[in-house]
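Here are my notes on the model you sent over. Have it open while you read.

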Amino acid sequence: MAKQKLIELLNKGLQLEHQARAQYLSHATLLSGESADSIAARLKEIATDEQEHEEYFRQCLEILDAAPTITMHEGHEAKDNTSILKVNLKDEKDAVDFYREIWAELKATKDELPYEYEYIEHKLRHIIIDEEEHAMELKGLLGE
Ligand SMILES: [Fe+2]
Ligand SMILES: [Fe+2]
């Protein structure tokens, strides 16, 4: 039962990663001013991390014999440099909060996953640490 809930949450995580990667790559083309190129380079690097996270979620779903979603969470539009950084900073914080919910569900599922638990835990921990780093980086770019 808890395993089904965990699968649902992992797929929602995958939807968020699809969105995050697309959003960073699109926003990277909308930046303006002197710092546009350097910020764009950072957003593209973050997008590469999000692509890795997609793969991690797919691997977790595969080990649970569940099909990975091909759909994407709805994105958040932004037009100028500051709002682009702010929108993505909020999304990173929301991702950390949501992935902690997955973490809690994973713990509740531990007994059902005798040979999968640490594998999933390791991937999820890696993803959460990366999102925290992304949030810190965006805060830095915002001068906060
Ligand atoms: Fe991510
Ligand atoms: Fe991220």
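The points below go from the overall fold to single residues.

1. Ground rules. This is a predicted model, so to speak of local features I need pLDDT of at least 70, side-chain atom pairs count only at pLDDT 80 or more, and totals for chains, interfaces and linings use all residues. Residues are numbered from 1 along each chain as its sequence is written, and chains are lettered from A and ligands numbered from 1 in the order in which they are written.

2. Fold. The chain has four helices and zero strands, and from the N terminus on its elements run α-α-α-α. Helices (H or I, at least four residues) and strands (E, at least two) are DSSP runs, numbered from the N terminus.

3. Overall dimensions. A compact globule of 144 residues would have a radius of gyration near 15 Å, and the chain agrees with that at 16 Å. The radius is taken over C-alpha atoms, and the globule rule is 2.2 Å times the number of residues to the power 0.38. Along its principal axes the C-alpha trace spans about 55 × 30 × 20 Å.

4. Contacts and burial. Take contacts between residues at least 6 apart in sequence: 82% of them join residues at least 24 apart. A contact here means two C-beta atoms, placed from the backbone, within 7 Å. Buried residues make up 28% of the 144 residues in the chain. Buried means 20 or more other C-beta atoms within 10 Å of the residue's own, exposed means 12 or fewer, and partly exposed is in between, with C-beta atoms again placed from the backbone.

5. Helix 1. Helix 1 has 26 residues and reaches 37 Å from its first C-alpha to its last, close to the 38 Å expected at 1.5 Å a residue. The expected span is 1.5 Å times one less than the number of residues. Its buried residues include Leu6, Leu10, Leu14 and Leu16, but also Glu17, His18, Arg21, Gln23 and His27. The buried residues of helix 1 pack against helix 2 and helix 3.

6. Helix 2. With 28 residues, helix 2 reaches 41 Å between its end C-alpha atoms, close to the expected 40 Å. Among its buried residues are Ile39, Leu43 and Ile46, along with Glu50, His53 and Glu54. What covers the buried residues of helix 2 includes helix 1, helix 3 and helix 4.

7. Helix 3. The 28 residues of helix 3 (residues 81-108) should span 40 Å, and the 41 Å between its end C-alpha atoms agrees. Asn88, Asp91 and Glu92 are among its buried residues, as are Ile84, Leu85 and Ile102. The buried residues of helix 3 pack against helix 1 (2-27) and helix 4 (117-141).

8. The core. Which residues touch the most other members of the largest nonpolar core? Of its 21 residues, they are Leu10, Phe57, Cys60 and Leu124. Helix 1, helix 2 (36-63), helix 3 and helix 4 are the elements that give two or more residues to this core, and helix 2 gives the most, with seven residues. A nonpolar core is a set of buried Ala, Val, Leu, Ile, Met, Phe, Trp, Tyr and Cys residues joined through C-beta atoms within 7 Å. As background, nonpolar side chains tend to be buried together in soluble globular proteins.

9. Have a look at Glu17, which lies in helix 1. Is Glu17 buried or exposed? Glu17 counts as buried because 25 other C-beta atoms lie within 10 Å. Leaving aside neighbours within four places in sequence, Glu17 is in contact with Glu50, His53, Glu54 and Phe57. Glu17 and His53 are 36 residues apart in sequence and 6.6 Å apart in space, C-alpha to C-alpha. Phe57, with residues up to four places away not counted, touches Leu10, Gly13, Leu14, Glu17 and Pro68.

10. Loops. Asp65, in the loop between helix 2 and helix 3, has a positive phi of about 60° although it is not a glycine. With 9 C-beta neighbours inside 10 Å, Asp65 counts as exposed. Asp111, in the loop between helix 3 and helix 4, is exposed too, with 8 other C-beta atoms within 10 Å.
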